[in-house]
Amino acid sequence: MRLLPTKPIRLPRLRPYVPSPEDPAIFWFNSERDDIVSEVSRRMVEAHASSRGALEQALNETAFQETQRLRSQRGEEARESLGFWYGLLRRIARMTDEEKRETLQRIADRMAKDVAGNFDPRVYALSEKVVPRLLTAAMNPKGLGRAVLQPHDRIDQLLEVEGHVEKLRRLVRVATLVFVPTHLSNLDSVVLGYSLMRAGLPPVVYGAGKNLFTNPIISFFMHNLGAYRVDRRIRAALYKEALKTYSCVMIERGYHSLFFPGGTRSRSGAIESKLKLGLAGTAVEAFARNQLRGIDRPVLLVPTTINYELVLEGETLIAEHLEEEGKARYIIEDDEFSRLDRWLAFLQQLLGLKSGCIIRFGDPVDPFGNPVDDDGRSLSPRGEQVEAASYVSRSGKPSLDPSRDMAYTRHLGEVLVDRFRRETVLMSTQLVAHALYRRLVRCTPGVDVFGRIRHRGDVSMPRRELVQEIGAARDALLSLERQGRVHMSSILRSEPPDVIVDRALRAFVGYHVRNAALDVGAEVTAEDPTLLLFYQNRVVPFAEEIADEPNMKAAREIARMGGLR
Amino acid sequence: MSRPVGVVGSGPFGRALAKAVARAGHEVILWSRGAREAPASGIRVTSDLGTLAAAELSFVAVPSQHVSELASSLGAHLDGSHFLVHVNRGLVGDSLETLSHVLQRVTPCRRVGALAGPLVADALARGTPGGGVIGTRFPEVAEAVTASVASPSLRIYSTEDVTGVEVATAMVGILALASGYAQSQGMGPGALAVMASRGMAEAARLGTVMGAAEVTFFGLAGFGDLLAAMLGDDRPEIRLGRLLGEGKSLSEACAQTGTNIEGVDLARRIAARAARAGVQVPIAQAVAGVIGGELSVAQAVERLMTRRPTEEHR
């Protein structure tokens, strides 16, 4: 049986790496790896060993799902695996309980090994030096010499890191952090990994789609920086358990982690409002399990937003969102991410924009949605300390209770959705797209989203009016920002409205195949409603509050369209 | 259960609930703002919120407009191990925030719920057969509530759909008011039945927008509760509706019924909220119009009856 066709590339190890005591947990990962894998598979088997039926069902379901999946695949490895699963399906009925248990143990072990990552401190040190150089060089091949000498300059201008960085630096020592970012692009994990490095925060473990491992260079870095592999093609429930258990064990052991609670990139461009809570649940469970063992280490979730002036895969994402079938298709094999020329065009374009990408680390919360102080202790709504342990206890005794933890996880999901909105950093392209799309809605009453897509280039507005509307919307956003309900890029916050409009219009022309908006002298044309929709969707939760009276009706329609009532 | 059960609020419902809990064999701590006598043995009355920390489960039975402030003070004495369950018909503010959400927002407690259904003070106090539903996402809260009040004469069901329970029960208040009103106008069973059915349908529409499950509205918190009100379990909302129908002013009618009634201002806020969400709630709108004095009864009835007929289930 082979679940994995590709073997990770690792650097040969001549002498063992001895981490220093102040190194974050991940530097110790390799020495703990085997232990973690066996803990994961032990728990998986335990979960099914309680009854004979459960054991047999787990085997049957896994074998069935795997044969379904492998039948459509070619190659020696797939055939070999398929043989194993067919054999298992034939034998299950005749197996003794002990044999079933052993077989499940073997499968669980394989799955856990397949998932488990690797961390090589040498690669970490290397990537700290190399990644900015590579990125910069990719963006500006002509200036290679300069880029190698001063690699950080350009990247630092391109990427801005803001938010509660100081607090997080303190907290990494006393708590286990789980970063939960919004997700728009496959660049997110790279951008975030680099931002953590730059903010002086330790590397994190995270699950990366196996499709990202097909590029050998990216694969090399991912493997050796602690990414674990998530194969979305495997549908077996047992595999999902392996992923969750792995995440849980890692958090319990104090490894700072990262996962995208949206589950996949936001197709519509909107801020996530529905979360996939499976992995968030492991933060709750890990905390409860530690309490049960007498380990009182806070587990904290860090709502993080990744805000782009331009989104690499924007065109594909919104097209998928609009296509009904698109919604069901989970992995896009052929999008901008897999095409080098699109990368280069994108980076080139983005680099022209100072702070084209802003990463904002939000204020962390405990697994029960409470804010925490600088030492990671949970705070009540009145600002008083509250024992996080009390949430998993009854009459002072901690316990494990999956249905209770599920309810906590749902609450946590609601808190994160709220935090995502508050920690969003609005960018100039998004606001300008919103003003243009709003005008389109105003000019096409009673038409639905699909009807509006066809109005390519039909609606224009005087540039003067656009500038004035952007000014008014920005003022309204300033007041929302003061109330802590959203953030703005420094450009959006302080540049004159006509500069904001210029910047957005420049960004819209050149990278995407189609131009979102066109500057035609005194008029600005809503050239591509689809792309405008994509960028403006970020603004939807605030649409009603930033609209002036003539635009209120359109704003309301936009707000409803987003399903946010 | 070895720990005492808390009841916050000593209005008619709070006292009746305290009696029901005491009857089920539990020690009760009844919090009252002013000094009060214990309504029955086994009930300890206090005006110190801190005392409630001893109870794992507390029922919050104060009028909705006081819940936020009181729960915030109560929260200072509680932590994540405490369960809070409210028994209100209200929804708060223009956004119609549910009270379970308010409890989670202003206290450190997360394990919260809403107890609803055809439970009226008098029957609870006397222990006549009946039932209710506890809405909570936490099975352990449902168990604790059932253990504290259920008895051979009181059946408690449970559902995870807290929002559904809270929106349904709020809408029942409004529909009971409308039903009292309609009765005073001499409307027959047919008209009342249409109003009740269409009223629950609009409640379900609004509820689903707020994240509730439609089916909850046709259970104990919705139809069950409305049926009890219309069959005459002496609901204050029905009495208020009748008095209004007889031409009493709102303040007169409120004074005469003597209890705090959540439905009056709520109808207006529900109508406004539904309009923002693009959901049709004609009955709530009519109630709001009549109470606000913008519509006469005849106008309200005409408006409702001349709406274009549509399919019943869309």
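**View 1. Ala229(B) is a buried residue, with 24 other C-beta atoms within 10 Å.** That count puts Ala229(B) in the buried class because 20 or more is the cut-off. As with every view here, we're looking at a predicted model. Ala229(B) sits in helix α8 of chain B, which covers residues 220-230. Setting aside neighbours within four places in sequence, Ala229(B) is in contact with Val172(B), Ala176(B), Ser179(B), Arg235(B), Glu237(B) and Ile238(B). Take Ala176(B) from that list: 53 residues separate Ala229(B) and Ala176(B) in sequence, yet their C-alpha atoms are 6.3 Å apart in space.

**View 2. Chain B has an open, mixed sheet of 8 strands.** Reading across the sheet, the order is β3-β2-β1-β4-β5-β8-β9-β10. Strands β3 (43-46) and β10 (154-159) of chain B stand at the edges with a single partner strand each, so one side of each has no neighbour in the sheet. On average, neighbouring strands are turned by 25° against each other, direction ignored.

**View 3. At one end of that strand order, β9(B) and β10(B) run parallel.** Strand β9 of chain B takes in residues 130-135, and its pairing with β10(B) extends over 6 bridges. For one of the bridges, look for Val133(B), whose partner in β10(B) is Tyr157(B). In general, strands of a sheet pair through backbone hydrogen bonds, either parallel or antiparallel.

**View 4. Helices α3(B) and α6(B) both lie across strands of chain B, including β8(B).** Helix α3(B), residues 99-106, lies across β4 (57-60), β5 (83-86) and β8 (111-116) of chain B. Helix α6(B), residues 162-184, lies across β8, β9 and β10 of chain B. As for direction, α3(B) runs at about 155° to β8(B), while α6(B) runs at about 35° to β8(B).

**View 5. Chain B meets chain A through 20 residues of chain B and 22 residues of chain A.** The chain B residues that touch chain A split into 7 nonpolar, 6 polar and 7 charged.

**View 6. Over in chain A, helices α11(A) and α12(A) pack at an angle of about 45°.** Their axes are 8 Å apart, with α11(A) spanning residues 237-252 and α12(A) spanning 278-292. With that angle, α11(A) counts as oblique to α12(A). The crossing is right-handed. Residues that α11(A) brings to the contact include Lys240(A), Lys244(A) and Cys248(A), and among those from α12(A) are Leu279(A), Ala283(A) and Arg289(A). By class, this contact has 5 nonpolar, 4 polar and 5 charged residues.

**View 7. Helix α9(A), residues 188-198, has a set of buried residues.** They are Asp188(A), Ser189(A), Val191(A), Leu192(A), Gly193(A), Ser195(A) and Leu196(A). Their cover includes the strands β1 (159-163), β2 (176-181), β3 (205-209), β5 (257-258), β6 (299-308) and β7 (357-361) of chain A. Just after the helix, Gly200(A) takes a positive phi of about 75°.

**View 8. Stepping back, chain A holds 23 helices and 14 strands.** Of its 565 residues, 46% count as buried. Among chain A contacts between residues at least 6 apart in sequence, 76% join residues at least 24 apart.

Conventions. Residues numbered from 1 in each chain as written. Chains lettered and ligands numbered in written order. Predicted model: local features only at pLDDT ≥ 70, side-chain atom pairs only at ≥ 80, totals over all residues. Pairing = 2+ DSSP bridges. Helix = DSSP H or I, 4+ residues; strand = E, 2+ residues; numbered from the N terminus. Axes fitted to C-alpha atoms, helices over the stretch in contact; angles between N-to-C directions. Contact = placed C-beta atoms within 7 Å. Parallel < 35°, antiparallel > 145°, perpendicular 65-115°, else oblique. Left-handed = near helix turned anticlockwise from the far one by under 90°. Nonpolar A, V, L, I, M, F, W, Y, C, P; charged D, E, K, R; others polar. Buried ≥ 20, exposed ≤ 12 C-beta atoms within 10 Å, placed from the backbone.
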